[in-house]
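Hi,

Here is the model I promised to pass along.

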Amino acid sequence: MKRTTLAAVFGNIVSLAAVALVHFGIELTAEQQAEIVSALLVIVNTVALIVPAVIATVNKRRERRVREGGFVTLSLLQGIALATIMGLILTACTVVPETPRQAVAASYLSIESLAQTAEIAYRDGLIDDARRDAVREELQLALESTALAQQAVEAGQDPSSRLEQAHAILSALKNRLEIEVQRDE
Amino acid sequence: MSNAADALLVVTRLLSALEAAMAVAGNAQRFRVLVSQAVAEGRDLTDAELNELRADAQAAIDRLGG
């Protein structure tokens, strides 16, 4: 169903509900009704994204044999990687770094996000010790490059090359996670 | 494995993914707030703010080490 059609359907439902609520002494303004419709659309879109992924994962799970000592649920790891990348994109799209200092800040936050994501993946048994250690080392390299970029900024120099180094490390890390996902599946 | 176990497994995995997504979203929001405050005050990000971000990133890496 198209978003506009869905919005119209929700709008009619909310309008009818608003009329009914008047009998109970509850009045909804037009703005409140619009907010309710927006919230319903967000919920429906979110469910529409999650449900097919859940169904697909369950079907894959039935075909996949359990590995001794646990299993690597790379579909979730892929989801985590995707969520991280989406977060990075979200950060870039919502507030694009306009100054070198903002670019340095964005790099630090991206590193922190990836570290938190990897911590969750390791905690839940999605990556082993070796992979965790490798991720930590690469993140440390990215952090050092970003710190050098910060020093360049403070010295009035161009930090671009250092920031590009950090970005390349983070991108390569993301790509390796995706390769691992594809290899397992 | 039973369907119920599969479903529980999937829910657990999704919760982990959501937790990761929330962490990322939280950092994205932190960036927006920092930049918004700086812009509102007519300045760029300060050395102290960048140092704090660096320290937090280092702390996250250190936690990853166990």
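By contact I mean heavy atoms within 4.5 Å. This is a predicted model, where local features need pLDDT of at least 70 and side-chain atom pairs count only at pLDDT 80 or more, while totals for chains, interfaces and linings use all residues. Residues are numbered from 1 along each chain as its sequence is written, chains are lettered from A and ligands numbered from 1 in the order written, and side-chain values use heavy atoms, without hydrogens and water.

On confidence: the complex gets an ipTM of 0.83 and a pTM of 0.62 from the predictor.

Now the helices (DSSP runs of H or I, at least four residues, numbered from the N terminus). In chain A, α5 covers residues 129–154, and just after it Gly156(A) has a positive phi of about 75 degrees.

α5(A) packs on α2(B) at about 170 degrees, axes 9 Å apart (lines fitted to C-alpha atoms over the stretch in contact, with angles from 0 to 180 degrees between N-to-C directions). The two are therefore roughly antiparallel (over 145 degrees). On the α5(A) side the contact includes Arg132(A), Leu139(A) and Leu143(A); among their partners in α2(B) are Asp47(B), Arg54(B) and Ile61(B).

α2(B) also meets α4(A): their axes come within 8 Å and cross at roughly 20 degrees, so these helices are roughly parallel (under 35 degrees).

Cheers

Definitions and conventions. Helix = DSSP H or I, 4+ residues; strand = E, 2+ residues; numbered from the N terminus. Parallel < 35°, antiparallel > 145°, perpendicular 65-115°, else oblique. Expected span 1.5 Å × (residues − 1).
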